[in-house]
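Biologist: Please take me through the model shown here, one topic at a time.

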Amino acid sequence: MVGPERPQFVLFGSSIVQYSFSNHGWGAILADLYARKADVVLRGYAGWNSRRAVQILDQVFPKDAAVQPSLVIVYFGGNDSMRPHPDGLGPHVPLPEYIENMRKIALHLKSLSAKTRIIFIGTPPISEQQICETLSDIVPERSRTNEGCRIYSEACLELCRELDMKAIDLWTAMQQRDDWLTACFTDGIHLSSEGSKIVVKEILKVLREAEWQPSLHWKSLADEFWDDLFLIVNTPNGKMTVNAAGLDFYRNDKWE
């Protein structure tokens, strides 16, 4: 562990999380926004489902850790929602078990610290046609459906309402974009840079609107060693002198 100690944000989930630092992904964007404010820690495991996640909760989030995360963003559901394989293998998890697994994850994270905040991301949509075009050699036909994603997404969101937790309806948010089927994915499942921008927008919306103390929104957290550097930058209104905090704010002002 290196100092000074900062808030720790943990991204926990399957491939949507593991790959979030690739292709200008949402994890990388968050790490950039919080570069002098918080440490964004990746705990993503491609191919995993909620069943596997429950098995390693104590290893990833030990209750006796000296420092507990300030924020945990959790995503499982896409692999769980796949249709069951005839031989019983594969990542499919029946819906009732998925709900209970996500409940166990939520309760475990809630027990870490009174100040640990949690956001669950619901299952995003998929482009079934793009999957057929790019992943037909490894993903059986119709093993993933957008309707299946919707069902698991709604189950996750309903659980979060029951537990009074923050959740992101990514299935709906992504489909608000007219060209989502062609713009938001690299292969029909995993997110392109455009898809990741939607994830970041939704996460920042939750952080901005949450009545958490302290606020974890990037504009609310102090910059580390914020007064050590002054630069002259060109802006649409002419040259201005800014310190490191001001430079970050100006550089990232497209994010609310």
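Biologist: Which residues form one aromatic cluster?

Modeller: This is a predicted model, in which local features need pLDDT of at least 70 and side-chain atom pairs count only at pLDDT 80 or more, while totals for chains, interfaces and linings use all residues. Residues are numbered from 1 along each chain as its sequence is written, and side-chain values use heavy atoms, with hydrogens and water left out. Rings of Phe, Tyr and Trp (its six-membered ring) pair if their centres lie within 6.5 Å; planes under 30 degrees apart count as stacked, over 60 as edge-to-face and the rest as tilted. One aromatic cluster consists of F12, F61 and F76.

Biologist: How many aromatic pairs are there by this rule, and is the pair of F9 and Y34 edge-to-face or stacked?

Modeller: The count by this rule is 6 aromatic pairs. In the pair of F9 and Y34, the ring centres are 4.8 Å apart and the planes stand at 70 degrees, so the geometry is edge-to-face.

Biologist: How many residues apart in sequence are the parts that F9 and Y34 tie together?

Modeller: Helices (H or I, at least four residues) and strands (E, at least two) are DSSP runs, numbered from the N terminus. F9 belongs to strand β1 (residues 8-13), whereas Y34 sits in the loop between α2 (26-33) and β2 (39-44), so the pair links parts whose separation is 25 residues.

Biologist: Are F9 and Y34 buried or exposed?

Modeller: Buried means under 20% relative accessible area, exposed over 50%, and partly exposed in between (1.4 Å probe, protein chains only). By that criterion, both F9 and Y34 are buried.

Biologist: Is the pair of Y45 and W48 stacked or edge-to-face?

Modeller: Y45 is partly exposed at 24% relative accessible area, while W48 is buried at 19%. Their ring centres are 4.3 Å apart and their planes are at 15 degrees, so the pair is stacked.

Biologist: In which order do the 5 strands of the open sheet stand?

Modeller: Two strands pair if DSSP finds at least two bridges between them. β2 and β5 each have a single partner strand and stand at the edges, so one side of each has no neighbour in the sheet. Neighbouring strands are turned by 20 degrees against each other on average, direction ignored. The pairing is parallel, and the order is β2-β1-β3-β4-β5.

Biologist: Why is strand β4 largely enclosed by the rest of the structure, and how many of its residues are buried?

Modeller: Strand β4 covers residues 117-121, and it is largely enclosed because the number of its 5 residues that are buried is 4.

Biologist: Which residue in β4 is the bridge partner of V74?

Modeller: Strand β3 (residues 71-75) runs parallel to β4 and is joined to it by 4 bridges. In these two strands, I73 is opposite I119. The bridge partner of V74 is F120.

Biologist: Through which helix does the chain cross from β3 to β4?

Modeller: A crossover is right-handed if, with the strands pointing away from the viewer, the path from the first strand over the helix to the second runs clockwise. The β-α-β crossover from β3 to β4 is right-handed, and its helix, covering residues 95-110, is α5.

Biologist: Which strands does helix α10 touch?

Modeller: Axes are lines fitted to C-alpha atoms, for helices over the stretch in contact, and angles run from 0 to 180 degrees between N-to-C directions. Helix α7 (residues 146-163) lies across β4 and β5 and runs at about 160 degrees to β5. Helix α10 (residues 193-209) makes about 160 degrees with β5 and packs on the sheet, touching β3, β4 and β5.

Biologist: With which residues is S196 in contact, leaving aside its neighbours within four places in sequence?

Modeller: S196 is part of helix α10, and its 2% relative accessibility counts as buried. Contact means heavy atoms within 4.5 Å. Apart from those neighbours, S196 is in contact with H24, G25, W26 and L191.

Biologist: How many disulfides does a search of the whole structure find?

Modeller: A disulfide is a pair of cysteine sulfur atoms within 2.5 Å. The sulfur of C160 has its closest cysteine sulfur in C156 at 4.4 Å, too far for a bond. C160 is buried at 1% relative accessibility. The number of disulfides found is 0.
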